[in-house]
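Hello,

Here is the structure I promised to pass on to you. Have a look at it first, and then read on for my notes.

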Amino acid sequence: MVEPLLVVAGLDAHYRDFQALYGVDLQVDPGEVIAIIGANGAGKTTLMASIAGLLPNRPDAIRYRNEPIGRLRADQVAARGIALVPEGRQLFPSLSVEENLLIGGQLGRPGPWSLETVFELFPILRERRATASTALSGGQQQMVAIGRALMSNPDLLLLDEISLGLAPVIIKTIYEALPGIIGTGMSAIIVEQDIGKALAVSQRVYCLQEGRVSLQGHSNQLTRAQISRAYFGV
Amino acid sequence: MDWLNAIVQGCLLGGLYALFAAGLSLIFGVMRLVNIAHGDLIVLAAYLGLTVTGALGLHPLMSLLIVIPAMALIGYVLQRGILNRTIGDDLLAPLLVTFGLSVILQNGLLEVFSADPQKMNAGALETASIPVGGITLGVLPVLMFLTAVGVIAGLQWMFYHTALGRAFRATSDNQAIAQLMGLNRAHVFGLAMALALAVTGIAGVFLGIRTSFDPSIGGGRLIFGFEAVIIGGLGNLWGTLLGGIILGVSQAVGAQINPGWQLLAGHIAFLVLLAVRPKGLFPRMDG
Amino acid sequence: MSASRYRIVQSSAASRVAATLGLIVLAALVLAPYWAGRSDLRLLGEILLYLSLASLWNLLAGYAGLVSVGQQAFVGLGGYALFGLTIFGGLNPIVAVLAAGVIGGLVAMPVAALIFRLRGAYFAIGTWVMAEVFRLVAAQVSALGGGSGTSLPTAVVQSIADGRDAREATSYWLALAMAVLVLAVIYAVLRSRKGLALTAIRDNELAARSLGIDIWRTKFTIYVIVGALTAAVGALIFLQKLRISPDAAFSVNDWTAFVIFIVVIGGIGTVEGPIIGVIVFFLLRETLADLGTTYLIILGTFAIGVMLLAPKGLWGMVRARSDIQLFALRRKVVAKLKD
């Protein structure tokens, strides 16, 4: 029996004035890729923000390597090896492409990822390394956001809606790069609206509906009917 | 010739104002904080310099070796102990807390050093001068000006070419995302304030060498620094230097017309520029 | 569910009790010259003038979001207007106080037009620059003593009232009338549509704009009203002092720092706050005044402590516990009982 990497247990979270998550349970094993699906407003982004430390919680609600991290600040969570690619990319506008990547790497955690390996993964970024991040296309910005998270050499990578607002061909490029990233032994949680993509890249899937886990199972065993019931509640 | 002389002296004085302003500009740039106690911190630095020179018998410029790190430490502690609690969407809290700090500092200095004007004695440096084409340039004002240029160049380099500068800019852009990158906002802000007050330390010692000072003059220094920042454009360090120069020249020219108009002329130049160029001469291009 | 089953009420039991108590206190204050000694009367007058300044600053900062640290500009302007109008214009001092108010309002307009270009904290320091300009200009007016200032001539002083007691009583009553006027104006402003607009702006500027509220004009109006009344209060302050100088008239400590501390300690953004704050402030001052500068350090520390630990002030702490409101400002929807 492997020790789980991340255990979320009975997580309640509030966003602004309303409660966004109700007693969410979730588990990620080492090397495992989990997908989280659900409609807009189901609480997916709040769940990511909670794990990453952007929303304070009960210490025990989130355990990482058997250590309570629910109350830690985002920088402390990052230092333990969890990196978030936030929804909407959120690059630093006054930093160049290279500087955005370097900021991601400033924790100095050892591992395979460096400027060099990120540029190998996304060669276009090498050409545009000195460009202001605001001058990039949406897809290139998403590559920087992923590269920036990788630069901290995380053990658990959180990817929040990385295909949002991108052209299908760009989404394809990015998803083609994913196995190369996760193949390095990293675990990942992928939030994705596209159910097909979510099932294809993950081993297990959780479906959120109105802040609760409405379905969970192995990605290759769930039926369309089960998922659409859990997704839409019909 | 009198006029030319006034303008040149005004330019040099502008260097001191830019030193007053650089710290304000820095902390506004990094954390959008406006520190009302900034002027009183400059005065505090002058008193620190005075105390150090008195106790150790050092030349005032040598006192910088102690004043700069001491001010930096004060800045870090102040930021982490008090000011970080006020940072957020609410504008009132930082304003009122730093206003309270200003009153505390002013009266604390009054208690310790009394209201008597003090001055640091820099010996021969104060009177030394170089004649340049009919104008006499004081060595001290020139040194002050060059220091200001050096400080601003240094801050500019730090901002754009070091990991610390990168952290400052990232935190300024988006605090939450910077935190995700492992940057602890509270610590980054502490470092920004430490750096700002280190610069303030230089400004304070120069102030104390150039003129006599007493605990009540902090507000005036804050205003000069503030005017330089606004004239130059928020968040633009070289603009701040130019703002300081414009302020210094306006004051010198005003004083040349009528000695009573020195300060008034500076404020009026500021208000006119505010009316004509509300975003300053070199507004920061971002967003 | 028909609308007629609900009605909107502004008053509450507490506000009605408070109004009754307020009337009793007011009556006692009106009669103060007959029961209080000369020094107590002066202190009461000063308290009332500080209450006016604090309430006005609270309207500006707590409701309109215009955090000014330069209200001494208007206090000094009012003082100098009083001296100028009585000495050179031959105006009766009481008329001059009203005229000072008008001048304050007129001056506030161009000042607002200029400094409203600055945002947030920079607005605050901009107001201070303005006050400095006023101070430096006043120091250039040699007819009023330049930098060292001047005293109100005996003839003018005597025209206030005959005899010292009558004079002191008159200037006390003026201070009381001013405090009542200020509170009445603030109350009226906050209950008006403008007051609702202010609350909307304070809660969410963007949303208020999308509702079609002209933020600039709303804030401008408040700034001018506060400027006018602050100048009138300033005139009264120096009518009581009988002497004026640029440093005293435009003192940032006396007319802004203390005022801000009063409002913060009492509770910013509530009408009750300045009243509580002014009482606490004078209690502290009368107990600790012997300490001199230490007193100011204690006051500053106290204000910082309140700001950090109880940002809504003492009144906020009371209200958090009891939802009490002495001035009926909030509107409540209540269901009518079935007939």
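Strand 1 (residues 129-132) and strand 2 (residues 135-138) of chain B pair in the antiparallel sense over 4 bridges. Here strands are DSSP runs (E, at least two residues) and helices are runs of H or I with at least four, numbered from the N terminus; two strands pair if DSSP finds at least two bridges between them. B:Ile130 has B:Leu137 in strand 2 of chain B as its bridge partner. The hairpin leaves 2 residues between its strands, and B:Gly133 in the turn has a positive phi of about 50°.

A word on the basis of all this: the model is predicted, so local features need pLDDT of at least 70 and side-chain atom pairs count only at pLDDT 80 or more, while totals for chains, interfaces and linings use all residues. Residues are numbered from 1 along each chain as its sequence is written, chains are lettered from A and ligands numbered from 1 in the order in which they are written, and side-chain values use heavy atoms, with hydrogens and water left out.

Next, the interface of chain B and chain A. The contact (heavy atoms within 4.5 Å) takes 16 residues from chain B and 20 residues from chain A. In chain B, B:Arg166, B:Leu180 and B:Met181 lose the most area to chain A, together 39% of what that side buries. Buried area is the accessible area (1.4 Å probe) that two parts lose on being put together, summed over both; for this pair of chains that is about 1700 Å², 63% of it on carbon and sulfur atoms. The rule finds 1 salt bridge across the interface, a salt bridge being a side-chain nitrogen of Lys or Arg within 4 Å of a carboxyl oxygen of Asp or Glu. A:Glu99 and B:Arg169 meet in a salt bridge there (2.5 Å, N to O). Helix 7 (163-173) and helix 8 (175-180) of chain B each supply at least two residues of the side that touches chain A.

Over all chains, the search finds 19 salt bridges. One of them joins A:Arg204 and A:Glu32 (2.6 Å, N to O). A:Arg204 lies in strand 9 (residues 204-209) of chain A and A:Glu32 in the loop between strand 2 (18-28) and strand 3 (33-38), so the pair ties together parts that are 172 residues apart in sequence. A:Arg204 counts as buried at 13% relative accessibility, and A:Glu32 is buried at 10%; buried means under 20% relative accessible area, exposed over 50% and partly exposed in between (1.4 Å probe, protein chains only).

Best wishes
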